[in-house]
Amino acid sequence: MASLPIEQRLLHYFLAMGAQQSQDSSNPGTLSFLMGNERVLVSILTAVDAIERNRVIGTFLRVSSLRSAGIQLYVAVPRLLGATFDAQIFRSSGIGLLLFDDRRIEETIKPQSVQSPTVMQPTLTNATPDPTVLSELASLKSMYDEMERNMNRMMAEFKLLRENAPTHTLHIQSPEPVRFESTHRAETPFQSTMIGEGALPSFFTNNPWLDVLSKRGKTEAAPFAG
Amino acid sequence: MTIENYRSHYTFGMDFGTSDFKFGPITCGENPRIVNNRGYFPDKSSLVYRAFETAADVVVGDEVPLYLQSSEDLTSRLVYPMKNGMIDKDDDSAWKVVGALCQFGLDAFPVTSNNGFRGYNIVASLSAVSPRYMYERLLELFREGNASGKVRAVTVVPQPFAVAIGHGVTTCVVIESGHGNSQVCPISKYPIRSAQVALNRGGGDANAVTSEILKDAGYGDLAGEESLVRRVKESIGLVPGDLDAAITEAKRTPRKFRAKHKVPGTRVEIDLDKDSWTRFLIGEYVFNPNHEIFESYFGRGMPRPRDVKMGETTFRGMLDFGDAIVASVERCPVELQPMLYREILLSGGNFSWRVPESMDGVAVDAQTKVKSLLRMKGIRNVSVKMTTSPQFSVWHGCIIYGFAVPDDYEWDWQRLEGWMRISGQSAD
């Protein structure tokens with residue numbers, strides 16, 4: 001492993017951490033990865049760089065300029081030179097420090113993400129889908145499919161009716177209002193944790209038992225209930 | 001707050017299945033919570049418990065595995081109360097487990113009392129063959145255990161009835177087949193209790209045949225491991241459209257029907273090789289154990305499913321599913337019978353049989369098999385369906401029942417329906 005260049009070793013290190021390599025040409029001289037919703041940028045300071053003050057300052061200035069929300073920044077430094085840097089400088093600027101030698105790479109200081117002053121609007125590319133919203137969408141989709149099926153069936157029946165009785169005027173009664181539309185829900189704030197306010201599970205959709213059971217105790221005939 | 005508003009938040013379903021307890025309020029959405037329908041009675045006389053533990057008398061839910069000790073211990077201390085769908089009147093341990101599960105279910109969904117909560121309307125579901133005393137004991141458990149005031153009203157519905165409600169069919173025959181037994185229950189807006197037929201045959205019997213097949217194939221050492229046998233059944237078991245034709249076909253082209261099962265994580269591979277035709281016996285036995293080929297297994301010691309009387313119900317051992325449906329439907333009024341045959345609903349894990357694509361036509365699914373059994377009895381105009389959500393359809397039915405049945409429909413011991421008021425508080 002030590003025979004590989006440090007760039008390759010850092011690539012393996014971050015891949016092992018679950019990151020994905022990102023081709024980012026906007027920041028030359030840095031390695032770029034995607035870790036969950038955040039971007040990780042790593043700038044390498046080699047032993048040759050570290051003995052030249054301007055190169056060190058240049059590297060830190062460049063890294064600092066990249067700091068923004070959703071980005072974690074690291075500077076990778078040879079372990080032998082680790083003692084020459086004051087950890088406080090890294091902590092105060094939120095930059096992470098990776099120390100490496102021939103055998104291993106070690107995260108000595110964790111980077112700190114920039115806290116956005118306002119609530120961040122998740123972008124389409126990095127938003128994690130909310131499972132509640134997904135299940136709500138799935139139930140809406142099934143309701144829509146069911147509605148579409150019913151509509152097609154009704155259209156077919158309507159067509160058949162029109163064909164069979166072309167000379168008669170059809171008297172169509174206005175349909176019964178859907179039971180749940182008329183229900184005023186959530187007059188007081190309820191604690192309903194799993195489905196949203198106003199939502200009933202999808203198995204309620206077009207279920208004829210709602211009508212049958214709502215008449216229990218009113219129509220007393222239960223001739224077969226042995 | 002209107003009563004409909006109240007019910008759309010505080011209706012609670014509890015499905016006491018033979019192996020799982022599914023529970024949760026209407027706000028769970030599509031899927032309730034599941035725990036094993038079992039309870040563990042810790043040995044409270046042991047010194048360790050006396051010194052350190054303050055365990056409950058009976059442990060239920062997710063914590064049970066933490067208390068399990070030696071396997072010898074399990075048989076006496078781990079209780080599955082609904083193993084056969086029924087609990088004996090005097091089986092106090094089983095009733096304690098049921099009480100603890102009810103409490104566990106309610107505690108799993110805490111509510112604050114300042115948002116209009118006056119207790120849940122609970123719909124519990126029991127096996128269709130549950131005798132009246134099970135209803136009495138269960139309702140009594142809620143009445144006694146309502147110190148926290150979480151229960152407003154309770155009702156109990158039979159599982160096949162709940163399946164029909166969950167599936168949205170008001171006139172149908174529901175066949176519920178579990179591990180230990182199966183029930184055929186006609187529904188016509190009400191469960192037609194007098195026409196129910198119970199069978200003393202379920203998934204456990206298919207396991208027994210699988211075990212015999214493994215012994216014959218030289219895997220006698222594995223045939224005693226129940227969970228392995230069940231996995232083998234699920235992996236290689238097939239339902240034949242016609243058993244004789246399937247056996248002939250499988251013997252003619254043994255490579256096509258070869259039954260192999262590799263046990264994951266081990267070196268064990270089961271290969272029935274030239275006896276692969278026996279895989280069809282596993283499925284056939286569930287639907288029809290009367291074929292003469294099973295006589296050789298009975299003769300060698302496999303117990304024949306017997307007629308058993310439990311409570312007031314006789315569970316028939318050897319009745320095939322076709323005969324059971326016909327017997328049940330023919331106890332209903334003649335004009336209702338065609339409508340019942342037109343909607344036959346299959347529910348329960350014992351009807352989940354796969355059909356490998358290459359064997360299509362020889363192997364069939366449960367719906368096709370039931371249709372074919374009915375065709376042999378001369379019943380042709382039938383529609384057989386699987387429930388859309390076999391695992392949760394009972395719970396779905398409980399939730400719809402609890403939401404729709406009027407609040408003022410009082411419990412009726414004659415019909416075994418209505419609300420048994422517990423806390424006496426109104427939601428209006």
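How many helices and strands does chain B have? Chain B has 16 helices and 21 strands, where helices (H or I, at least four residues) and strands (E, at least two) are DSSP runs numbered from the N terminus. This is a predicted model, in which local features need pLDDT of at least 70 and side-chain atom pairs count only at pLDDT 80 or more, while totals for chains, interfaces and linings use all residues. Residues are numbered from 1 along each chain as its sequence is written, and chains are lettered from A and ligands numbered from 1 in the order in which they are written.

**Chain B overall**
- Of the 428 residues in chain B, 50% are buried; a residue is buried if 20 or more other C-beta atoms lie within 10 Å of its own, exposed if 12 or fewer, and partly exposed in between, with C-beta atoms placed from the backbone.
- Two residues are in contact if their C-beta atoms, placed from the backbone, lie within 7 Å.
- Taking contacts in chain B between residues at least 6 apart in sequence, 70% join residues at least 24 apart.

**Two helices of chain B**
- The axes of helix 7 (residues 159-167) and helix 16 (residues 393-404) of chain B come within 7 Å and cross at roughly 80°; axes are lines fitted to C-alpha atoms, for helices over the stretch in contact, and angles run from 0 to 180 degrees between N-to-C directions.
- Helix 7 and helix 16 of chain B are therefore roughly perpendicular to each other, a term for angles of 65 to 115 degrees.
- Residues making this contact include Phe161(B) of helix 7 and Tyr401(B) of helix 16 of chain B.

**The sheet of chain A**
- Six strands of chain A form an open sheet in the order 1-2-3-4-5-6, with mixed pairing; two strands pair if DSSP finds at least two bridges between them.
- Strand 1 (20-21) and strand 6 (105-109) of chain A are the edge strands, each pairing on one side only.
- Strand 4 (residues 71-78) and strand 5 (residues 96-100) of chain A run parallel and are joined by five bridges.
- Pro78(A) stands opposite Phe100(A) in strand 5 of chain A.

**Helix 5 of chain A**
- Helix 5 (residues 131-164) of chain A has 34 residues and reaches 49 Å from its first C-alpha to its last, close to the expected 50 Å; the expected span is 1.5 Å times one less than the number of residues.
- Helix 5 of chain A is hardly covered, with one buried residue among its 34 residues.

Key:
Parallel < 35°, antiparallel > 145°, perpendicular 65-115°, else oblique.
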